[in-house]
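Student: I have a structure open and would like to go through it piece by piece. Can we work from specific spots outward?

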Amino acid sequence: MHTNSLYQEVILDHNKKPRNYGKLDHASHQATGHNPLCGDRLDITLQLENEQIQAIAFQGESCAICKASASMMTAAVKGKTRMDAETLIHEFRELTTGKLDTNLPHHLGRLTVFCGIRDLPTRVKCAILPWHTLHAALNSLTNASTEADQDPVQSIVPDHS
Amino acid sequence: MNLSNVSVKSETTSPIVDWERIRTDFPILQLRIGDKPLIYLDNAASSQMPQQVIDRLVRYQTTQHANINRAVHYLSEVATHEYQQARHTLQHFINAREDREIIFTSGTTDSINLVMHGYGRKFIKAGDEIILTTLEHHSNIVPWQMLANEKGAKIRVVPINDKGELEIEAYEALFNENTRFVGLIHVSNALGTINPIKKMIDIAHRHGVPVLIDGAQAAPHIPIDVQSLDCDFYAFSAHKLCGPTGVGILYGKAALLESMQPFKGGGDMIASVTFEKTTYNTIPHKFEAGTPPIAAAIGFAAAIDYLVSIGIEQIAAYESTLLDYATHCLNQIPGVSIIGSAAEKTAVLSFTIDGVHPHDVGTILNQDGVAVRTGHHCAQPIMQRFNVPATSRASFAFYNKKSEVDALVAGIKNVQKIFL
């Protein structure tokens with residue numbers, strides 16, 4: 001893969017102007033995600049009402065891949081139900097680890113710009129960290145890491161297939 | 001006049017080294033990353049291996065291999081002899097007084113852990129203090145923290161200034177009647193700072209405190225003389241000196257090594273064993289339990305022979321020209337900041353680019369075939385000191401050349417263009 005295909009306009013744009021950036025004052029759910037290998041850290045706060053994500057925000061220090069992934073994720077899950085969000089989390093993980101057949105029906109839409117990351121194993125965790133953190137928040141776990149028994153690439157996120 | 005005599009060595013001038021020809025010794029430098037030639041600037045993490053060392057490993061494995069110190073057959077005697085010769089090569093490389101002061105380990109980390117277990121657990125007690133520095137690699141922090149937690153000892157840390165140099169007055173002020181040990185990195189892997197270890201060892205010895213030097217980043221670039229330094233322990237790894245992974249050495253003064261308890265138990269480190277009592281072998285064998293990395297140790301010695309044939313001083317002088325050129329070039333790029341500007345440095349350039357995370361820098365440079373390290377370089381206290389989460393690090397070896405610095409500069413400008 002040519003790396004330029006990863007650093008596409010849409011990813012660079014979300015990195016520069018992240019959507020839903022900040023912290024909700026009255027969050028019903030929140031979690032902090034941490035990638036100790038590179039120091040990436042982000043906080044996710046969300047408001048869940050009747051199993052639906054009414055509002056969501058993120059903030060933190062991270063690389064462009066992680067920040068763009070978080071920005072696009074918040075835009076994608078806002079207004080979705082918890083179940084729909086979990087489906088997206090699952091599909092995104094499958095996409096970035098090269099297990100998703102994008103020719104079959106899926107719900108990722110523009111998030112497929114991240115498919116090139118599967119050829120850069122050291123960067124997969126950068127893209128997955130926000131999703132892993134969202135999963136933790138939805139399940140009332142306050143911390144998510146990308147390492148050891150919390151390694152998202154090693155699949156602790158439940159399968160919905 | 002015979003042309004072959006033109007470049008003969010003389011007492012007054014250094015031999016001329018053909019650095020372009022030296023590159024041909026390294027087969028991996030022919031590699032292409034995609035459609036770009038490999039530009040390997042991650043030498044502080046691990047160096048590449050010349051054909052001479054690869055050939056030595058092949059010769060050992062095809063004609064000389066057996067286990068050592070055991071059987072009476074031909075191959076065992078050959079392998080034992082070659083392994084001992086490797087120890088001699090390392091002894092002379094650092095000018096140790098005796099060959100039994102050289103212990104083969106699995107690398108610098110293993111060497112430091114050996115000292116922590118063998119010396120620290122025997123002699124360091126509750127209330128004692130261990131002095132480390134802000135520049136230490138995690139491998140010279142974590143073992144001492146484990147010991148401090150176990151014993152109730154205390155870690156004291158030498159600060160650095162904004163250039164990335166140790167503050168020697170503050171170091172001296174840390175000594176008191178409870179100080180029992182100093183762990184000191186010779187050259188910072190993250191910044192390239194060369195520490196004034198001779199002076200620091202003298203200060204420690206005035207207080208009667210032994211000093212361990214982590215020489216992983218120094219041995220490839222600075223001539224080491226352990227007798228002149230008077231250090232108590234000195235550790236480094238083969239794979240940063242064009243040798244194989246999985247082997248390194250611990251130098252220790254014989255009297256200290258003899259006073260220490262063994263680190264690992266097993267075969268070869270014993271004099272006799274019954275179920276009631278084991279008596280230990282003499283040094284260095286007391287610290288080399290089990291079958292050692294025989295092939296790797298022999299490859300290590302071949303790598304030392306190779307480097308010595310070029311000359312460590314010549315290597316250092318050439319790398320210094322690369323560092324000066326790279327420092328000059330990066331200083332010309334707006335938005336690029338070099339972290340670490342010590343007066344004495346090896347060819348390590350840690351830098352940040354405004355608005356771009358180092359991991360994105362590394363991924364985009366890789367697209368141009370340029371291999372740099374990105375991250376915290378196993379030196380998180382240094383990152384905290386400079387208030388950055390991570391840096392990108394280009395580290396040069398004697399087989400790098402100016403045009404590769406130019407490629408790095410072009411790569412950095414490409415990163416800035418993408419993130420404009």
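Student: Is Asn387(B) buried or exposed?
Tutor: Residues are numbered from 1 along each chain as its sequence is written, with chains lettered from A and ligands numbered from 1 in the order in which they are written. A residue is buried if 20 or more other C-beta atoms, placed from the backbone, lie within 10 Å of its own, exposed if 12 or fewer, and partly exposed in between. Asn387(B) has 6 such atoms within 10 Å, so it is exposed.

Student: Which loop holds Asn387(B), and what is its phi?
Tutor: Helices (H or I, at least four residues) and strands (E, at least two) are DSSP runs, numbered from the N terminus. Asn387(B) sits in the loop between H13 and S17 of chain B. Most residues other than glycine have a negative phi. Asn387(B) is not a glycine, yet its phi is positive, about 60 degrees.

Student: How does Cys378(B) count by its C-beta neighbours?
Tutor: Cys378(B) is in the loop between S16 and helix H13 (380-385) of chain B. Its phi is also positive, near 50 degrees. It has 16 C-beta neighbours inside 10 Å, so it counts as partly exposed.

Student: In what order do the four strands of the open sheet in chain B run?
Tutor: Strands pair if DSSP finds at least two bridges between them. The pairing in this sheet is antiparallel. Strands S13 (336-339) and S16 (373-375) of chain B have a single partner strand each, so they stand at the edges. The order is S13-S14-S17-S16.

Student: Which residue stands opposite Gly375(B)?
Tutor: S16(B) and strand S17 (residues 391-395) of chain B run antiparallel, joined by three bridges. The residue opposite Gly375(B) is in S17(B): Thr391(B).

Student: Why is strand S10 of chain B described as largely enclosed?
Tutor: Gly248(B), Leu250(B) and Gly252(B) point one way from S10(B), and Ile249(B) and Tyr251(B) the other way. Strand S4 (residues 102-105) of chain B joins S10(B) by four antiparallel bridges, and strand S9 (residues 233-237) of chain B by five. S10(B) is largely enclosed because of its buried residues: five of the five.

Student: At what angle do H2(A) and H4(A) cross?
Tutor: Axes are lines fitted to C-alpha atoms, for helices over the stretch in contact, and angles run from 0 to 180 degrees between N-to-C directions. The two axes come within 8 Å. The crossing angle is roughly 35 degrees.

Student: How many residues of chain B are in contact with chain A?
Tutor: Two residues are in contact if their C-beta atoms, placed from the backbone, lie within 7 Å. Chain A brings 15 residues to these contacts. Helix H2 (64-77) and helix H4 (121-138) of chain A each supply at least two residues of that side. On chain B the number is 13.

Student: Where in chain A does pLDDT stay under 50?
Tutor: Chain A has a mean pLDDT of 88, and 90% of its residues reach 70 or more. Where pLDDT is low, the predicted coordinates should not be read in detail. The stretch under 50 is residues 155-161.

Note on methods: This is a predicted model: local features need pLDDT of at least 70, side-chain atom pairs count only at pLDDT 80 or more; totals for chains, interfaces and linings use all residues. pLDDT is the predictor's confidence in each residue, from 0 to 100.
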